[in-house]
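This briefing goes through one structure topic by topic. Please look at the sequence and the 3D view before reading the points below.

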Amino acid sequence: MGGFYGAVVTRGFRRYATYRSATAAGVVTNSVFGLIIAYSYIALWDQRPHLGGYSEPQALTYVWVGQAMLAVMALMGGGFEDELMDRIRSGDIAVDLMRPADLQTWWLSADLGRAAFQLLGRGVAPMVCGALLFDLALPSAPGTWLLFLVSVALGVVVSFGLRFLVALSAFWLLDGVGATQMAMLAGLFFSGMLLPLNVFPGGLGEVARALPWSAMLQVPADVLLGRHRGTGALAALAFQAGWAVLLLAAGRQLQGVAARRVVVQGG
Amino acid sequence: MAELTPGEVAAALPAAAGRPEHQEPRWQPAEAMRAYALIVRMWVRSTMAYRTSFVLTALGNLAATGLDFLTIVLMFAHIHALGGFTLPEVALLYGATSTSFGIADLTLGSMDRLGRRVRDGTLDVLLLRPAPVLAQVAADRFALRRLGRITQGVLVLGWALLRVDVRWSPVNVALVPVMLVSGAVIFGAVYVAGAAFQFLAQDAAEVQSSVTYGGNTMLQYPPGIFARDLVRGVTFVVPLAFVNWLPALHVLGRPDPLGLPGWLDFASPAVALLCCLPAAAAWRAGLRAYRSTGS
């Protein structure tokens, strides 16, 4: 069966790779926002050097990692969840549940393919743009980059886990717009997209760093910046893996409940 | 039929198009406004059929757009001034651009759907209706929930006006509403020009967002923190600096980083009107060059 889901991953990749001009347009948007946010961070770090333990080049690197991760982690939507919710609302989900493929694994595979393309298509170019315009603190050790890739992959699974739960809420709510919107707000705020979580004041920062959303940006960025070394890096990856397993298990439970007791809407 | 452009189809149907054959569409502002109001009223009624959903999405819009301000507030947890501006001063910049952008977003924000209509061919339907296409596209799927952004902008602006340390001379008082209206018109011109560009590049909606949403984000911060070339770009190329920076700097009694002549602080209404000319020309050129996908 590994070959089957592998094929779904490939198709997920190719599906998003089809829209080249949309990808180029997305890169422009990421770069423009990266530029604007970078200047606001420079003004902030100018006043408070070493804020949150970051030097200015590290803070700027954080900005561009954030822009690179925006599409990969589907922080502002654009993942599979709208499609799945549509299928739940229209009743097409009944057909999906009868297929000889597991619903969660199917969508996870498709989303991994999407994320892999977004990493190449929407992640690399803004990073290069940022590195050309600003003095960034990028690591030279290949091992750090490898750890970063593992951390990104784990972050994508956490992101999927959360979005799968949101999508399944459509079994009960039918209209998932509200749930999607709440999830997006929480994601933007608690992932560290607005400001690094170690800049959040006091208790709010501590809570935010323990929540699953931090696995989507804060942890991968800190891994790339070399703030987790040796066993610290393993602990960071274990934190992500823990949330990934927990969320996937919760999704599986919810999928079971939904399939058993919810009457599918006729179309 | 296949080799006819929709423009030719419309011209061949004078009764339906409501104008004589082979004649350039005349500029009919009253007619356009009437059509716009009619379509908007229809979408508002449709929205109000699901009242709870409307309230929730409007609140969501308010919260989502408020995240930007939350970022600024979190920054000020660590500092007293950003680029030399206090929190109420940054809030004045923020509130002004958010309100202006909110008005443009509410009235013309649906125009970024034009690319999709070109791609799937549904624009042809709009060409056949006896109403100006621009009014139809602008009112298409009018999203009342965007009131959330305006509300949020007005709240921040109101707070800023109460807290900011300014001598309220008659000129400064008058400059605030002038700034809001001119800003809305400038952003509106960007929306129309962006929509015209989508006739050429149907997937370019996101490039347009980088100017509109990105511009709005940039204007929320003091101009002094950005590179001079970037500030020159949004002053002379896409004149977004006239949305809030120049008039607000005058109100706050601060010099602008480019050292521009003082009278430019009052030039926003003129710049706004000037922006409409290239936007209108681009729209007409785009519409004339449009060829249907045929599907």
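The points below cover the two chains, one helix and the contact between the chains. The model is predicted. Chain B has 14 helices and zero strands, and chain A has twelve helices and zero strands.

**Chain B as a whole**

- Along the sequence, chain B reads α-α-α-α-α-α-α-α-α-α-α-α-α-α.
- Chain B has 295 residues, and a compact globule with that number would have a radius of gyration near 19 Å. The value for chain B is 21 Å, which agrees.
- Taken along the principal axes, the box filled by the C-alpha atoms of chain B is roughly 65 × 45 × 35 Å.
- In chain B, 42% of the 295 residues count as buried.
- Among the contacts in chain B with a separation of 6 or more, 83% are accounted for by residues 24 or more positions apart.

**Chain A as a whole**

- Chain A follows the pattern α-α-α-α-α-α-α-α-α-α-α-α when read along the sequence.
- The globule rule gives 18 Å for 267 residues, and the radius of gyration of chain A is 19 Å, so chain A is as compact as a globular protein of that length.
- The C-alpha atoms of chain A fill a box of roughly 60 × 40 × 35 Å, taken along the principal axes.
- Of the 267 residues in chain A, 48% are buried.
- Residues 24 or more positions apart make up 79% of the contacts in chain A with a separation of 6 or more.

**Annotated regions of chain B**

- An unreviewed UniProt entry gives the annotation "transmembrane region" for residues 54-79, 174-200, 230-246 and 266-287 of chain B.
- Residues 174-200 of chain B are 100% helix and 0% strand. The end C-alpha atoms of this stretch are 41 Å apart.
- Residues 266-287 of chain B are 91% helix and 0% strand, with the end C-alpha atoms 34 Å apart.

**Helix H14 of chain B**

- Helix H14 of chain B runs over residues 268-289, which is 22 residues. At 1.5 Å a residue, H14 should span 32 Å, and its end C-alpha atoms are 32 Å apart, which agrees.
- Which residues of H14(B) are buried? They are B:Ser268, B:Val271, B:Ala272, B:Cys275, B:Ala279 and B:Trp283.
- The buried residues of H14(B) are covered by parts of chain B including helix H8 (133-139), helix H10 (170-200) and helix H13 (245-252).

**Where the chains touch**

- In chain B, 29 residues are in contact with 29 residues of chain A.
- On the side of chain B that touches chain A, helix H4 (51-75) and helix H11 (205-219) of chain B each supply at least two residues.
- H4(B) gives the largest share of that side, with eleven residues.
- By class, the side of chain B that touches chain A has 17 nonpolar, ten polar and two charged residues.

Definitions and conventions. Residues are numbered from 1 along each chain as its sequence is written. Chains are lettered from A and ligands numbered from 1 in the order in which they are written. This is a predicted model: local features need pLDDT of at least 70, side-chain atom pairs count only at pLDDT 80 or more; totals for chains, interfaces and linings use all residues. Helices (H or I, at least four residues) and strands (E, at least two) are DSSP runs, numbered from the N terminus. The radius of gyration is taken over C-alpha atoms; the globule rule is 2.2 Å times the number of residues to the power 0.38. A residue is buried if 20 or more other C-beta atoms lie within 10 Å of its own, exposed if 12 or fewer, and partly exposed in between; C-beta atoms are placed from the backbone. Two residues are in contact if their C-beta atoms, placed from the backbone, lie within 7 Å. UniProt positions are given in the numbering used here, feature names are shortened, and annotations may be inferred rather than shown by experiment. The expected span of a helix is 1.5 Å times one less than its number of residues. Ala, Val, Leu, Ile, Met, Phe, Trp, Tyr, Cys and Pro count as nonpolar, Asp, Glu, Lys and Arg as charged, and the others, Gly among them, as polar.
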